[in-house]
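Here's a quick briefing to read alongside the model.

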Amino acid sequence: GGNDTCARVAPDSFRRAMERGGGVTEEMREEFLSALVETIKRLAAAHRDVCISQALVRDRLRVRLLEAVPSVQYVWVDAPEDALSARLESRPGHIASKTYGRMVNSLFEPPTVPHAKFINDGDAARFAAQMKAIFSRPSP
C-alpha cells in the first residue's frame, strides 16, 4: 500500500518529517519523486504489469512522473469525508498520523493528467466492480 511504498522509497528526511507531523520541504518532495521514478522504472523493467499505490497530493508531481514514465496510468480514488476519517482512524502506528493525514488531504490538488476515477465509499461490491473495470481495460 501507500505506507509500504513510502516506507521503502521515501528519503529518511521525508519519512521523519511525516512522523513528526509536518515540515516536508520541496527538496524532500523532489527527492521522493526521483526515488519513486527510479523504483517504477526498475519494477517495470522486471515485470510486465506493475501496480503501485501512492498518493501524490500535488498535481505537478503527477505531471512530472508521467513525463518521466510515460506508461504510467493514474487512478484517482476519491472518497467522501466520513470514509477518509474512518480510514485515518483505522491505522494506528501508520507513518502518518491522522492529524497529518487530514492536513495533507486538505492540500490535495485534483489531477489534470489523464486518469481513471472511482469512489471508495465503503461499499465493497462497488469498490470491487470499479477495480475490475479499471484493471481489465487494455493498456494504451
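Start with helix α7, residues 124-135: its 12 residues should span 16 Å at 1.5 Å a residue, and the end C-alpha atoms sit 16 Å apart, so the two agree. Keep in mind that this is a predicted model.

**Start of α7**
- Asp123 counts as partly exposed because its relative accessibility is 32%, which falls between the 20% and 50% cut-offs.
- Arg126 is partly exposed too, at 40% relative accessibility.

**Nonpolar core**
- The largest nonpolar core holds 24 residues, and Phe14, Met18, Val24, Leu36 and Leu65 have the most contacts inside it.
- Helices α2 (12-20), α3 (26-46), α4 (59-68) and α6 (98-106) each put in at least two residues of this core.
- Helix α3 gives the largest share, six residues.
- As general background, nonpolar side chains tend to be buried together in soluble globular proteins.

**Salt bridges**
- The count comes to 11 salt bridges.
- One of them pairs Glu26 with Arg60, whose closest N and O atoms are 2.0 Å apart.
- That pair ties together distant parts of the chain, with Glu26 in helix α3 and Arg60 in helix α4, 34 residues apart.
- How accessible are the two partners? Glu26 has a relative accessible area of 40% and is partly exposed, while Arg60 is partly exposed at 32%.
- Another salt bridge joins Arg48 and Asp49, with 2.9 Å between the closest N and O atoms.
- Here both ends are exposed: Arg48 has a relative accessible area of 77%, and Asp49 has 55%.

**Strands β1 and β2**
- Strand β1 (residues 74-78) and β2 run parallel, joined by five bridges.
- Val77 has Phe118 of β2 as its bridge partner.

**Arg29**
- Arg29 belongs to helix α3.
- Buried or exposed? Arg29 counts as buried because its relative accessibility is 18%, under the 20% cut-off.
- Leaving out residues up to four places away in sequence, Arg29 touches Phe14, Val24, Arg60 and Leu61.
- Two of those contacts, Phe14 and Val24, are also among the residues with the most contacts inside the largest nonpolar core.

**Glu89**
- Glu89 is in helix α5, which covers residues 81-89.
- With a relative accessible area of 45%, Glu89 is partly exposed.
- Glu89 touches Lys98 and Arg102, again not counting residues up to four places away in sequence.
- Between the C-alpha atoms of Glu89 and Arg15 there are 20 Å, and the two residues lie 74 residues apart along the chain.

Notes
Residues are numbered from 1 along each chain as its sequence is written. This is a predicted model: local features need pLDDT of at least 70, side-chain atom pairs count only at pLDDT 80 or more; totals for chains, interfaces and linings use all residues. Side-chain values use heavy atoms; hydrogens and water are left out. Helices (H or I, at least four residues) and strands (E, at least two) are DSSP runs, numbered from the N terminus. The expected span of a helix is 1.5 Å times one less than its number of residues. A nonpolar core is a set of buried Ala, Val, Leu, Ile, Met, Phe, Trp, Tyr and Cys residues joined through side-chain atoms within 4.5 Å. Buried means under 20% relative accessible area, exposed over 50%, partly exposed in between (1.4 Å probe, protein chains only). A salt bridge is a side-chain nitrogen of Lys or Arg within 4 Å of a carboxyl oxygen of Asp or Glu. Two strands pair if DSSP finds at least two bridges between them. Contact means heavy atoms within 4.5 Å.
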